[in-house]
Each structure stands twice: as structure tokens, then as C-alpha cells.
Amino acid sequence: MLQNSLRAMHDFSRYPELNQVEQVGIAAPKSEYKPGVFDDLFLNLFRNKLVQEVGWDSEKPGYDGLIEVANRLMMKGTTNTATVEAAVRILRSLFPPYLLELYKMLIVPIGGGKIAAMMVARVTVLTCQWLMGPCKLNSVDLPDGISCSSGVYVERCKYLEESKCVGICTNTCKFPTQSFFKDHMGVPLLMEPNFGDYSCQFKFGVLPPLDDTIVKEPCLEACPNASQRRTVARNIDITACPKT
């Protein structure tokens, strides 16, 4: 089993971008993401699952329409917890159920979970740049003090930049993604979005804190939900999104 897992890790060496591991804290040179042949497939699959959950679709095509549906998902939820749970259901629906269970049973136990964390980091880089924009592998410190190439650094998250909303970031991406990987794939994950430069650090193999201070973050100045709230209240000092 260990040999098969190591062989799977070796297969990733065929992709040069997955071998460029950078240290946390060292700024990576900005790069442009060149759309891949499967990007439209990934986008349409994800959007269809999102529409099924929401029960509504935007008239806008492509990524713009996806963002509108994501906003509708957030506004539909009666609570933030309900929105997170709905987003987890969407993520689960993207995978055959047996695949997730087999991953937890067969891959996660190997090497104390490090192999599983490194594998999902590499798959994230390969399959999610259409959603997040350019991202690269980097090394992160695990709870046991060992540095592991199970990090993914997103240079400027397209999802956050286009949605312009902290609430959409945290309730439809950060918290549900963390929950999905931990509960359904057996891999702890901490996501650290930076609302100043729109970057985001994924740390596979690291548990998120019980009291995440990100919930206290005010929304972005450009947030459409916060802007609407300011307009209705006629108060320019209101900076919180109603969904943060």
C-alpha cells in the first residue's frame, strides 16, 4: 500500500508546476494562470451542483454567473451554519461517495497522514486554479514541528476578488472546505485568507483553531451586500456584511 502511495506521489513529478515548492513567508513571483482544457468542464460541473442546491441559476454565463449563484446561496441560508452545511453538501456531491471513504481508510493512515495531506495539496493545484487563480505548492509547519510540502499558496484568489465579500469567502469557501476535508476525507485543513491582498494560504495537515478570529473581520469596502446595507441604513460607517 505504501509503495502504491509513493508511486502516486512520483506520478505528480510529471507536472513541473507541482515540484516548485516554496517556503511560507517568501513571496512568490506573480504569475498568470493559463486556462486549461478541462477548466470549462470543472466550472460547469461545480456550477450545476451549486444550482441544484440553490434552486436558482443566473442568466450570466461563465464565472460571473457562478459568483451570482454563490451569492444567492449565501443569502438563502437562514444562518451562517446553514450556508456552510449547504456548501459542504455541494463539495460532497462532486465525488463518488466510495472514493472519499476509501481515501480515509487506505491513504490517510499512511505516514501519519502526511502522504494524504501532500496528495490533496497537489490535486488542489492541478484542479482548482480555474476557481482561485494562480497557486503554488509551498511548505508548511505541521503540529509535530515537521515542515511538509502540503501547503498551497493562492497568489490572488479570484473567488474572493470577484465576490468582493468576506461572508461569501468564509461561509461558502473557507469553513465548508475545511469541514469537507477533515470530516469526509480525513485530512485536517486550515485556510488563511488575506483580505488585504486577496491571497490565501492552504495548510493541509493543520487543524483550524476552535475560535477563529476571522469571523470578526469586517467586510470589504466593495462588498455589494455591505454597500446595500449602508444604502438602506444611510450610514457610511456600516462596514459589516450581514453574512459575516
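Predicted model: local features only at pLDDT ≥ 70, side-chain atom pairs only at ≥ 80, totals over all residues.

**Salt bridges, a strand and a pocket**

Lys 136 has a relative accessibility of 13% and therefore counts as buried, the limit being under 20%. The partner of Lys 136 is Glu 155, with which Lys 136 forms a salt bridge whose closest N and O atoms are 4.0 Å apart. This pair links distant parts of the chain: Lys 136 belongs to strand S2, residues 135–141, while Glu 155 sits in the loop between S3 and helix H8, 19 residues apart. Glu 155 is buried as well, at 3% relative accessibility.

How many salt bridges does the model contain by this rule? The count comes to nine. Two others deserve a word. The side chains of Arg 89 and Glu 53 meet at 2.6 Å, N to O. Asp 57 is in the loop between H2 and H3 and Arg 47 in helix H2, ten residues apart. Here Asp 57 is partly exposed, at 38%, whereas Arg 47 is buried, at 9%.

S5 covers residues 200–204, and five of its five residues are buried. In a regular strand the side chains alternate between the two faces of the sheet. Cys 200, Phe 202 and Phe 204 are on one side of S5, with Gln 201 and Lys 203 on the other. S5 has antiparallel pairings with S3, over four bridges, and with S4, over five bridges. Val 152 stands opposite Phe 202, and Leu 189 stands opposite Phe 204. The hairpin of S4 and S5 has six residues between the strands, and Tyr 198 takes a positive phi near 70° there.

Finally, the largest pocket. Its volume is about 910 Å³. Of its 35 lining residues, the closest to the centre are Leu 91, Leu 94, Phe 95, Thr 127 and Cys 128. S5 is among the elements that give two or more residues to this lining. Which element gives the most to the lining? That is H9, with six residues. By class, the lining has 31 nonpolar, four polar and no charged residues.

Conventions:
Residues numbered from 1 in each chain as written. Heavy atoms only, no water. Buried < 20%, exposed > 50% of the residue type's maximum accessible area, 1.4 Å probe, protein only. Pairing = 2+ DSSP bridges. 1 Å grid on protein atoms, 1.4 Å probe; cavity = no way out; pocket = protein on both sides within 12 Å on 5 of 7 lines; lining within 4 Å. Points joined across faces, edges and corners; volume = space filled by probe spheres on them. Nonpolar A, V, L, I, M, F, W, Y, C, P; charged D, E, K, R; others polar.
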